[in-house]
Amino acid sequence: DTTMIDPRAAAEWLGVHPETVRRWLRGGYLPGRLVGGRWRIDTGAVAALLEAGGNPPTTKAGGDRTGE
């Protein structure tokens with residue numbers, strides 16, 4: 001059984017801003033799907049990202065703030 005979450009929930013889990021999650025989705029760094037015009041992400045994909053020990057690369061300079 002698959003559990004889908006929105007970018008806000010994924011961002012909380014990953015410790016990043018929701019727009020960062022949306023950027024990763026648009027860039028293909030985090031798998032997700034648009035359902036009714038809204039992003040949905042499988043919790044397994046978020047867990048796999050956390051298990052990989054890092055964040056996907058950012059697409060813009062000065063991306064995520066770290067060390068806060």
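Colleague: Which residues of α1 meet α2?

Modeller: This is a predicted model. In α1, Pro 7, Arg 8, Ala 10, Ala 11 and Leu 14 make the contact. On the α2 side they meet Pro 18, Val 21, Arg 22, Trp 24 and Leu 25.

Colleague: How many of those are nonpolar, polar or charged?

Modeller: By class, the contact of α1 with α2 has eight nonpolar residues and two charged ones. No polar residue takes part.

Colleague: At what angle do the axes of α1 and α2 cross?

Modeller: Roughly 105°. Helix α1 covers residues 7–14, and helix α2 covers residues 18–27. Their axes come within 8 Å. Angles of 65 to 115 degrees count as roughly perpendicular. So α1 and α2 are roughly perpendicular to each other.

Colleague: New topic. What is the strand order in the sheet?

Modeller: The order is β1-β3-β2. The three strands form an open sheet, and the pairing is antiparallel.

Colleague: Which strands stand at the edges?

Modeller: β1 (4–5) and β2 (33–35) do. Each has a single partner strand, so one side of each is left without a neighbour in the sheet.

Colleague: How many bridges join β2 to β3?

Modeller: Three bridges, with the two strands running antiparallel. Strand β3 is residues 38–42. Take Leu 34: its bridge partner in β3 is Trp 39.

Colleague: And which strands does α3 touch?

Modeller: Helix α3, residues 43–51, packs on the sheet and touches β1 and β3. Its direction makes about 60° with that of β3.

Colleague: Which residues in α3 are buried?

Modeller: Ala 45, Val 46 and Leu 49 are buried in α3. Down the axis of α3, its buried residues fall within an arc of 100°, so they line one face of the helix.

Colleague: Why would residues three or four places apart point the same way?

Modeller: An α-helix has 3.6 residues a turn, so residues at that spacing point the same way.

Colleague: What covers the buried residues of α3?

Modeller: The cover includes β1, α1, α2 and β3.

Colleague: Last one: Arg 40. Where is it found?

Modeller: Arg 40 is in strand β3.

Colleague: What is the relative accessible area of Arg 40?

Modeller: It is 26%, and Arg 40 is partly exposed. Buried would need under 20%, and exposed over 50%.

Colleague: What is Arg 40 in contact with, leaving aside its neighbours within four places in sequence?

Modeller: Met 4, Ile 5, Asp 6, Gly 32, Arg 33 and Val 35.

Colleague: How many Å apart are Arg 40 and Leu 25?

Modeller: They are 9.5 Å apart in space, C-alpha to C-alpha, and 15 residues apart in sequence.

How values were computed:
Residues are numbered from 1 along each chain as its sequence is written. This is a predicted model: local features need pLDDT of at least 70, side-chain atom pairs count only at pLDDT 80 or more; totals for chains, interfaces and linings use all residues. Side-chain values use heavy atoms; hydrogens and water are left out. Two strands pair if DSSP finds at least two bridges between them. Helices (H or I, at least four residues) and strands (E, at least two) are DSSP runs, numbered from the N terminus. Contact means heavy atoms within 4.5 Å. Axes are lines fitted to C-alpha atoms, for helices over the stretch in contact, and angles run from 0 to 180 degrees between N-to-C directions. Angles under 35 degrees count as roughly parallel, over 145 as roughly antiparallel, 65 to 115 as roughly perpendicular and the rest as oblique. Ala, Val, Leu, Ile, Met, Phe, Trp, Tyr, Cys and Pro count as nonpolar, Asp, Glu, Lys and Arg as charged, and the others, Gly among them, as polar. Buried means under 20% relative accessible area, exposed over 50%, partly exposed in between (1.4 Å probe, protein chains only). The arc is that of the directions from the helix axis to the C-beta atoms.
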